[in-house]
Amino acid sequence: DVNPGLFIQGSNNNINNLIFDNEMPHFIKKINKFQISKYNITEYQFLQFIKNNCYYNKKLWSIEGLRWLIETKIELPLYWIKEDNNYYKIINGIKYSIETDLPIINISYYEADAYCNWKNGRLPTESEYEYITTNMGTTIYPWGNKKINDEYCNINYKKYISSVSEYKKGNNKLGISNLLGNIWEWCSDFIYPYDGFKRDPVYREMSY
């Protein structure tokens, strides 16, 4: 459980940190109590979603998700295959097991959303995610205020993605792991600019 509270979401322009225009200006945000998994969803966990025929369970998918399924005819995550009733992923031409504690990657928003519905959960909002990443607005990073480096998170991808149980020093104060680095994570929000947003001319095409 994550307790409710107020925190400052976003950033102000600070020459000492790399901050993009879509993170500004900051504002006060109220967060209600919510629950979140301690670890990223793993390949093994997502495999159970597949084995339970969840790609064919219409009740788990949004209207947009069902339309996407019909159009793409997707039945497995990208790079995954089924062979002799077993499942694998193919990376650079090499076949790997997916019964691992590596975080699931290369899935769409619709697949992530359907998985959450299967587990009677939901994707976090961007505000909730930033709230726990900054320890309810009290620190810069999940582990505190020490500068980001390879000791705390898989930020430079020296060995591809890492297990969800690695980088324990990078956990936040609630023990939630891998909040920074390793993978990109889906949130439930649409990507809209903050109130008072001003486009940085250096990054205008990216911001657009």
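Predicted model: local features only at pLDDT ≥ 70, side-chain atom pairs only at ≥ 80, totals over all residues.
View 1: Residues count from 1 along each chain as its sequence is written, and side-chain values use heavy atoms, without hydrogens or water. A cavity here is a set of points on a 1 Å grid where a 1.4 Å probe fits but cannot get out, and lining residues have an atom within 4 Å of a point. Around this one sit Pro142, Trp143, Tyr152, Cys153, Tyr167, Gly170, Asn178, Leu179 and Leu180. That lining splits into 7 nonpolar and 2 polar residues, with no charged ones (Tyr, Trp, Cys and Pro count as nonpolar, Gly as polar).

**View 2: the largest cavity.** Its volume is about 60 Å³, and the model has 2 cavities of 30 Å³ or more. Glu43, Lys89, Asn106 and Trp80 are among the lining residues, along with Leu78, Tyr79, Ile91, Ile104, Ile105 and Tyr160. By class, this lining has 7 nonpolar, 1 polar and 2 charged residues.

**View 3: a nonpolar surface patch.** Leu18, Val202, Tyr203 and Met206 make up the patch, with about 450 Å² of accessible area together (Shrake-Rupley, 1.4 Å probe). Patch members have over 30% relative accessible area and no salt bridge, with nonpolar side chains joined within 5 Å; a salt bridge puts a Lys or Arg side-chain nitrogen within 4 Å of an Asp or Glu carboxyl oxygen.

View 4: Met206 belongs to helix 5, residues 204-207 (a DSSP H or I run of at least four residues). Met206 counts as exposed because its relative accessible area is 55%, and the cut-off is over 50%.

Definitions and conventions
1 Å grid on protein atoms, 1.4 Å probe; cavity = no way out; pocket = protein on both sides within 12 Å on 5 of 7 lines; lining within 4 Å. Points joined across faces, edges and corners; volume = space filled by probe spheres on them. Patch = residues over 30% accessible without salt bridge, like charges linked within 9 Å, V, L, I, M, F, W, Y side chains within 5 Å. Helix = DSSP H or I, 4+ residues; strand = E, 2+ residues; numbered from the N terminus. Buried < 20%, exposed > 50% of the residue type's maximum accessible area, 1.4 Å probe, protein only.
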